[in-house]
Structures are given as structure tokens and as C-alpha cells.
Amino acid sequence: MSANIDKETFFQKKGGVRTSFNFLKDKLEYAAHDGNTSVEFSVGYGDILLTKHLRRRNFIRMISFGAVALLLGVGNIVHDGITGEIADRYIGSIVWCLIGAALITYALIRRVELTIFDTRRGRIVIANDSQCDEILAKLKDSRAKWFIERFGAINPNNPPDQEIAKIEWLVQQEALSREEADKLIRSVKQPERKTEELPPTVH
């Protein structure tokens, strides 16, 4: 079977960054572009660490500039109102208020929450948009299948403790559920049972 048959592609565009996720049978092809820089790499599912980081891109600097401009404009308007002066800078104060409000609004609109996975090739960054859950589910499913295909067969010639340790390791890798692992462990402990293999589809 060609790897392309198992390929599934997702695209995201958030906060000025365009990302793509190409899920192949044995690896993930990842690319991210923000107009100035680009990152592209392929990584095997076994090299994707389970630990994920949550991060928010807040555009703090832009919000700070906007707040300063807004305060400057409002401060001038209040000062003129208190002193009863209609200064020439009144129009300029209104402009500062508009600029500040625009910067803050723009920053809030472009604010992005990110889910990040570390790999040996680089970081996989997933924007928390409407596709995030689907991409995460596809990543976990592809990774689980990769581990099951390579390490899922139970070898009756190995000591039971060794096979049980492997099953527990697969649970730690989130390739097996606790229920699936317990079923396999029971089969390992039964000497009359011969070779056992994990089900072709997990989770």
C-alpha cells in the first residue's frame, strides 16, 4: 500500500502564520510560514514527544503601544475639558485615541492560543482553532498506530515479565488504553495461549 493512501492533510492560518500538517503512514510532514521565515521538516511519529505546551501569542508590545496612545489622547482631552481650553491639539488627541483603540483591537483579534509538541527535528505548533481537536486526534491516532505496528506483537518466546513491561511501555506512550493493556497482560500470563497480537485498530 502506498503511503499516499494514508495521507491526510490539514491547513491552518492564524495570527499571520500559515501551517500545514501532512499525515503519512510513518511520519508527519510539517510546514509553517509567517511571511518572513519558514520552517519545514518531516518527523517520524516515534520522535514526537507526548508532552505538550500551551502558549498564547498576545502581541503584548502592540497592546502596550495602543494603551499609551489611547491614554495620551484621553489625557489631553480631559485636560482641555478641565481647563476649558479648546486647544489646537484637540483633533490630534482624537487621532491618538483612534490609533490606540485600533492597535488594541487588532492585537486582540490576532491573539492566538497555541499547542506545541517538541520533536527531534523542531517544534510542531498547532493553533487552537476549529480544527485543533481534529489535528490532535489525528496526530495521536497516527502515533499510536505507528507504535502498535512496530511493537505490538506479543512474542511467546520472551519471558512474561519482558512482554508485560513492553505492554506497560505502550500504555505510557498512549498507544494502548488501560483496558487493552490489561487484556493483553492476561493473555501473556496464560501459558496455553500462543502468539497474541494487538488489534489492528486501537482507540
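The expected span of a helix is taken as 1.5 Å times one less than its number of residues, with helices (H or I, at least four residues) and strands (E, at least two) read as DSSP runs numbered from the N terminus. The model is a predicted one, in which local features need pLDDT of at least 70 and side-chain atom pairs count only at pLDDT 80 or more, while totals for chains, interfaces and linings use all residues. Residues are numbered from 1 along each chain as its sequence is written, and side-chain values use heavy atoms, leaving out hydrogens and water.

Helix 3 (residues 132-151) is a handy place to start. With 20 residues at 1.5 Å a residue, helix 3 should span 28 Å, and its end C-alpha atoms do sit 28 Å apart, in agreement. Its buried residues (under 20% relative accessible area; exposed is over 50%, partly exposed in between, with a 1.4 Å probe and protein chains only) include Ile135, Leu139, Trp146 and Phe147, along with the charged Lys138 and Arg143.

Next comes the core. A nonpolar core here is a set of buried Ala, Val, Leu, Ile, Met, Phe, Trp, Tyr and Cys residues joined through side-chain atoms within 4.5 Å. The largest has 32 residues, and Phe21, Leu28 and Ile124 touch the most other members. At least two residues of this core come from each of strand 2 (17-23), strand 3 (27-33), strand 4 (38-44), strand 7 (123-127), helix 3, helix 4 and helix 5. Helix 3 is the top contributor, giving eight. Setting aside neighbours within four places in sequence, Phe21 is in contact (heavy atoms within 4.5 Å) with Leu28, Ile124 and Ile135, among others.

As for charges, the whole structure holds eight salt bridges, each a side-chain nitrogen of Lys or Arg within 4 Å of a carboxyl oxygen of Asp or Glu. One of them pairs Arg123 with Asp118 at 2.9 Å, N to O; Arg123 is partly exposed, at 37% relative accessible area.

Glu163 counts as buried because its relative accessibility is 2%. In helix 5 (residues 178-188), Asp182 and Arg178 are four residues apart, again about one turn. Asp182 is partly exposed at 31%, and Arg178 is partly exposed at 38%. Through shared partners, salt bridges link Glu168, Arg178 and Asp182 into one network. The closest N and O atoms of Asp182 and Arg178 are 3.0 Å apart.
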